[in-house]
Amino acid sequence: MTALSLENVSAGYHGRRALSAVTAEFAAGRVAGLIGPNGAGKTTLLRVVLGLLKTEQGEVRVLGQPLTAWPRAGLARSIAYLPQTAEANWPILARNLVALGRMPHRAPLAPLSPSDSEAVEEALARCDAAQFAARRMDELSAGERARVLLARALATQAPILLVDEPAAHLDPAHQLRLMELLRAEAARGVAVIVTLHDLALASRFCDELVVLKSGEVVAQGPADKALSDATLAQAFGITAQRAGSGGERAALVAWRRL
Amino acid sequence: MDSLASANPNPLKRNTSRATVFPVSHAAWTTAALAAVALVFATISFFIGPAHLGAGDLIGGLFSSHGMASIIAREIRLPRALLALVVGAALGSSGAALQGLFRNPLAEPGVTGVTSSAGFGAIIAMYFGFAALSPALLPAFAIAGALASASILYLLSRAGAGVMALVLTGVAIASLATALTALALSLAPNPYAMSEMVMWMMGSLKDRTLSDLAFAAPLAAIGILILSTAARGLDALVLGEEVAHSLGINIHSVRRRVVVGVALATGAATAAAGAVSFVGLVVPHLLRPFYGYEPARLIWPSALGGAALVSAADIAVRLIAPDGQLLLGVLTAMLGAPFFIWLILRMRREP
């Protein structure tokens, strides 16, 4: 089932085009990777889907309905977003931060309902963050904070999850764990859309990839097809080495500039 | 217990009426204590003053309508004690809301120039005859001044200016407003204007009347209420503007509410007491740990804490200098400015 689709979408900042005629579909239960060099339009695409940036042309459909037809709260329940530089501005308790993810489900001034509390605890448990849920954000390590922040996005229980460059500041073990968590979300039926710079993570963990360059889609599909040598040369200007490990997806390692 | 449980028609629904995971009891006690402290200070404030009257005379004066004790109790002590609460509540909650909006502990009506702009508005009303036309014009001008400077900050933050840029702009606005205040006072037709200038620039609760209170209290209350409607948005802003948006928060509406609420509360407070700084800086900062650092929960406690602090400071200025040489705003600045510097140094140390 298509959870999110973009049809011929163009958008930009102050007259500068950042996305040109992008068409893409994102299905429920799959992890889709948005990749491309810096400035390719990955974050812009997420901003358009969130309604933070207006489209100049084309249409975005969320769960079959045009983005512009969604009421604010309904959209907030449908799309959860974890930004690239996710941080807490005040050192609130980890559990209370995760509870912010329930805001779209709560009326103003309403306390957390039992189902809210359940969603919070479940998200904490899924991210393996329950053991430090009672601690303040500034008492946690970077990896622990990343898990709490992801738990916040999961607590919304939205059918679409947008994650912007989650691996950037994490050590390899935390990167793998985070990608596994995203895969687990997809296994639960969520459409996961994640921007990644790391081609190895992208090729190993994503069901399909959308390769962007200068705001245009240059390739789309499963990693082995989307990341052909020709696409790597065109989009990134690099060659890559492929490392297969019996039965699993081949991982791709950026190797040399062209 | 068993009989109670079995009497429950739906045992699965037991214990679900309250959120058990988020304790609020400590915070509730802190809030109650703040309210009690504010009331105690207001009561002490009522009994302090240059006229040597016993507590019995003052209380009697409060309930009688003639005699010296009645005039002092009803028209001097009571307005002063109550205005201290109103001014403190307005400034404390404004500080909490601005800090939540800008996600920075340095934001405050005084530091951001809102207070001095309100003071400038009040002075125009006071010394150029507008307040004589209608006493409502004094708070109206002060609120207009506050709104003007808060709107500049709003526009800057909408254009994506960083917090330091906002604070520095606030410093510039404060200097400009102070300079314009001095200019307005030297041009004012009123010969006493210059001598009252310091009171406006530094703030004081001396010689306030019931009429000042009657204007300030409702306007400040409306301002604080508007601020409290922004609370949910301020909580979402803990995660940044984009995430707050993705959580269904209208960021522009949150900004507008904070700007209007701060302008009303700070404008009303400044029209009554002149420019009192740093209350909105110190109070939310001290209370924040007691409320789990959550901006929404901090607004009402900051109002109570501000009321307590301004009442205490107004008692202190009268005890230190019974003849009124020490102005309220001088004391808050002497305590608040070093606190501000300490905050900046501490923020520089943190990554």
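How many Å apart are the mean positions of the positive and negative charges of chain B? I began my notebook with this, and I found 8 Å, for 20 positive and 14 negative charges. A reminder to myself before going on: this is a predicted model.

**Entry: charges in chain A**

I then looked up the charges of chain A. Here I count 28 positive and 25 negative ones, and their mean positions lie 3 Å apart.

**Entry: the makeup of chain A**

I went through the helices and strands next. Chain A has 9 helices and 12 strands. Its radius of gyration is 18 Å, close to the 18 Å that the globule rule gives for 258 residues, so chain A is as compact as a globular protein of that length. I also noted the box that its C-alpha atoms fill: roughly 55 × 40 × 35 Å along the principal axes.

I wanted to know how much of the chain is covered. Of the 258 residues in chain A, 52% are buried. The accessible surface is about 11,100 Å², and carbon and sulfur atoms hold 51% of that. As for contacts in chain A with a separation of 6 or more, 65% come from residues 24 or more positions apart.

**Entry: the makeup of chain B**

How many helices and how many strands does chain B have? I find 16 helices and 0 strands. The radius of gyration of chain B is 22 Å, close to the 20 Å from the globule rule for 351 residues, so this chain too is as compact as a globular protein of its length. Its C-alpha atoms fill a box of roughly 75 × 55 × 40 Å along the principal axes.

I repeated the look at cover and contacts. Buried residues are 51% of the 351 in chain B. Its accessible surface comes to about 15,400 Å², with 70% belonging to carbon and sulfur atoms. When I take the contacts in chain B between residues at least 6 apart in sequence, 77% join residues at least 24 apart.

**Entry: looking for disulfides**

A disulfide is a covalent bond between the sulfur atoms of two cysteines.

Technical notes. Residues numbered from 1 in each chain as written. Chains lettered and ligands numbered in written order. Predicted model: local features only at pLDDT ≥ 70, side-chain atom pairs only at ≥ 80, totals over all residues. Heavy atoms only, no water. Helix = DSSP H or I, 4+ residues; strand = E, 2+ residues; numbered from the N terminus. Rg over C-alpha atoms; globule rule 2.2 N^0.38 Å. Buried < 20%, exposed > 50% of the residue type's maximum accessible area, 1.4 Å probe, protein only. Contact = heavy atoms within 4.5 Å. Areas by Shrake-Rupley, 256 points an atom, 1.4 Å probe, with all protein chains shown as cover. Lys, Arg positive; Asp, Glu negative; His and termini not counted. Charge placed at Lys NZ, Arg CZ, Asp CG, Glu CD.
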